[in-house]
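Reader: I've got a model open and a few things to check. Can we go through it piece by piece?
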Amino acid sequence: MSDTLFHLFAVLTVACALGVVLNKNAVASALCLLVCLTGIAGLFVLLDAFLLAVLTVFVYAGAVVALFLFIIMLLDMQGGNRKPFTKSSIVAGAAAAGLLCTGLYSFLVRGHIESPVLATTKVGGSSLRAYAELLFTTYLLPVQIVGFLLLIAMLGVIVLSKKFENLEDIK
Amino acid sequence: MSPFVSLPLALVCAADFLRVDLNSYLYLSALLFAIGFFGVLLRKNTLVIYMCLELMLVAATVALVAFSRYNGTMDGNVFVFFILTVAAAEVAVGLAIIVALFRRRQTIQVEELNALKN
């Protein structure tokens, strides 16, 4: 059952990822990204990471895609008659992506990575307690740094989107 | 080889291929990363390039969560937790930069942003 679900979510995710790349309309790309992220949340559920699945839907599918759609509407750039990609960029992109895929595939196959059997000990990916214990002991410093990073990002966005009356003032 | 032998063999091979283990998740992750990379190289619209970058980031998180689950540790999950936070901040800053760029140049197509050329 879970194998079938994995293949379902994998096909959904890959198809929607291709939709993001190949859609001419930016709004359609953003909506494909939304479905793709939902599929990834499903994969997280299959991997027993329920909290991360919920967070992915909230943060990525909720906030990030909404922000993307908002910016697309704000800038109002429907490509017009311009072609979204040229022939040479298709060849170059496909070649590069194919090389990357081949490299990773040979790394996984030739590297003889023994796929470990599913860990029998439940690590409690669903319980907040397990996350909290790690976040407030081993990873306390990264938590502080990430909090500070969020503050800096907020300040940076405010400065970037502020309209300066005359640029000489800040020079 | 007669079809009576090769057909069951093919079915066994297919069943082996369809069996889900850690490598399946890693292949999926690699494929998603490659698609995102393809999009970054292919597209001309800065917003779509940015979406493809997000796709690459998410592909890496799938691998991390799969490693975490199959090795029975929590560290991968906590890493993904941090990646989610950083990605949210990154998207906010990146989109602010794109909006500032659009206000200044009236375009976000990469082939028109060639002020550094020559």
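Reader: Where does A:Leu155 lie?
Author: In helix α6 of chain A, residues 140-161.

Reader: Switching to charges. How many salt bridges over all chains?
Author: The structure holds 2. One of them pairs the side chains of A:Asp48 and B:Arg69, at 3.0 Å from N to O.

Reader: Why does that pair join two chains?
Author: A:Asp48 sits in the loop between α2 (26-46) and α3 (50-75) of chain A, and B:Arg69 sits in helix α3 of chain B, so the bridge joins two chains.

Reader: Are those two buried or exposed?
Author: A:Asp48 counts as buried, at 18% relative accessibility. B:Arg69 also counts as buried, at 10%.

Reader: And what does A:Arg129 form a salt bridge with?
Author: With A:Glu133. The closest N and O atoms are 3.8 Å apart. Both residues lie in helix α5 of chain A, 4 residues apart, about one turn of the helix.

Reader: Is A:Arg129 buried or exposed?
Author: Exposed, with a relative accessible area of 64%.

Reader: Now the rings. How many aromatic pairs over all chains?
Author: The count comes to 7. Among them is A:Tyr105 with B:Tyr27: the centres are 5.6 Å apart and the planes are at 35°, so this pair is tilted. The pair crosses between chains, from helix α4 of chain A (residues 87-110) to helix α2 of chain B (residues 22-42).

Reader: How accessible are A:Tyr105 and B:Tyr27?
Author: A:Tyr105 counts as partly exposed, at 49% relative accessibility. B:Tyr27 counts as partly exposed too, at 29%.

Reader: What about A:Tyr139 and B:Phe79?
Author: They form an edge-to-face pair, 6.3 Å centre to centre with 85° between the planes. This pair crosses between chains as well. A:Tyr139 is in the loop between α5 and α6 of chain A, and B:Phe79 is in helix α4 of chain B (residues 75-105). A:Tyr139 is buried, with a relative accessible area of 12%, whereas B:Phe79 is partly exposed at 44%.

Reader: Which rings link into a cluster?
Author: A:Phe6, B:Tyr25 and B:Tyr70, through ring pairs.

Reader: Back to chain A. Where is A:Thr138, and what does its side chain contact?
Author: A:Thr138 is in the loop between α5 (128-135) and α6 of chain A. Its side chain makes a polar contact with the side chain of A:Thr137, at 3.5 Å. A:Thr138 is exposed, with a relative accessible area of 54%.

Reader: Last one. What pLDDT does chain B average?
Author: Chain B averages 85, and 86% of the residues score at least 70.

Reader: Which element of chain B has the lowest mean pLDDT?
Author: Helix α1 of chain B, residues 3-18, with a mean of 62. Helix α3 of chain B, residues 46-71, has the highest, 92. Where pLDDT is low, the predicted coordinates should not be read in detail.

Key. Residues numbered from 1 in each chain as written. Chains lettered and ligands numbered in written order. Predicted model: local features only at pLDDT ≥ 70, side-chain atom pairs only at ≥ 80, totals over all residues. Heavy atoms only, no water. pLDDT = per-residue confidence, 0-100. Buried < 20%, exposed > 50% of the residue type's maximum accessible area, 1.4 Å probe, protein only. Polar contact = N/O pair within 3.5 Å; in protein donor to acceptor, adjacent residues only side chain to side chain. Salt bridge = Lys/Arg side-chain N within 4 Å of Asp/Glu carboxyl O. Phe/Tyr/Trp six-rings, centres within 6.5 Å; stacked < 30°, edge-to-face > 60°.
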